[in-house]
Amino acid sequence: MNYAVRQIKEADFLEYYDCLGRVAREKKYLAFQDAPPIEGAISWVESHIKQNHPLHVVQFRNRVVGWCDVTPSPREVFAHCGELGMGLVKEFRGRGLGKLLIDSVLEHSISIGVERIELDVRTDNVNAISLYEKTG
């Protein structure tokens, strides 16, 4: 298949936001049940771009179908720590895209000095748990 994984660009925002909303509305994987207000989401994406924080998207036929991000701690003493978040649109799960995204984001994270990455995952999300365990 023809997938591309890369750092998000401002031009990707609407597709990313749609993808985020689709995953959130499944009410199974994220800590929220719909996309956050658009103004806050724009600001969050812009800050990741400006600060070179990892927010990678996966595209299929020029359409964003998933993302993975690491948000470094804003506290200087914890600047080496970050929190991971990710999601894939339902019809693109089980294709190895989560592993591609995580590998890309981990490489980016290491390059900016993030040494420890934390995440929360629901106990019934066995696919995500398996992916995270494989990734280490």
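**Aromatic pairs and a buried histidine**

By the ring rule used here (rings of Phe, Tyr and Trp, the latter by its six-membered ring, with centres within 6.5 Å), the count comes to 5 aromatic pairs. This is a predicted model, where local features need pLDDT of at least 70, side-chain atom pairs count only at pLDDT 80 or more, and totals for chains, interfaces and linings use all residues. Residues are numbered from 1 along each chain as its sequence is written, and side-chain values use heavy atoms, without hydrogens and water.

User: Are the rings of Phe13 and Tyr17 stacked or edge-to-face?
Analyst: Happy to walk through that one! Planes under 30 degrees apart count as stacked, over 60 as edge-to-face and the rest as tilted. The ring centres of Phe13 and Tyr17 are 5.5 Å apart and their planes meet at 25 degrees, so the pair is stacked.

User: Which helix holds both Phe13 and Tyr17?
Analyst: Helices here are DSSP runs of H or I with at least four residues, strands are E runs of at least two, and both are numbered from the N terminus. Phe13 and Tyr17 sit 4 residues apart, about one turn, and both lie in helix 1 (residues 13–24).

User: Is His53 buried or exposed?
Analyst: Good one to check! Buried means under 20% relative accessible area, exposed over 50%, and partly exposed in between (1.4 Å probe, protein chains only). His53 lies in the loop between helix 2 (38–50) and strand 2 (55–60). At 14% relative accessibility, His53 is buried.
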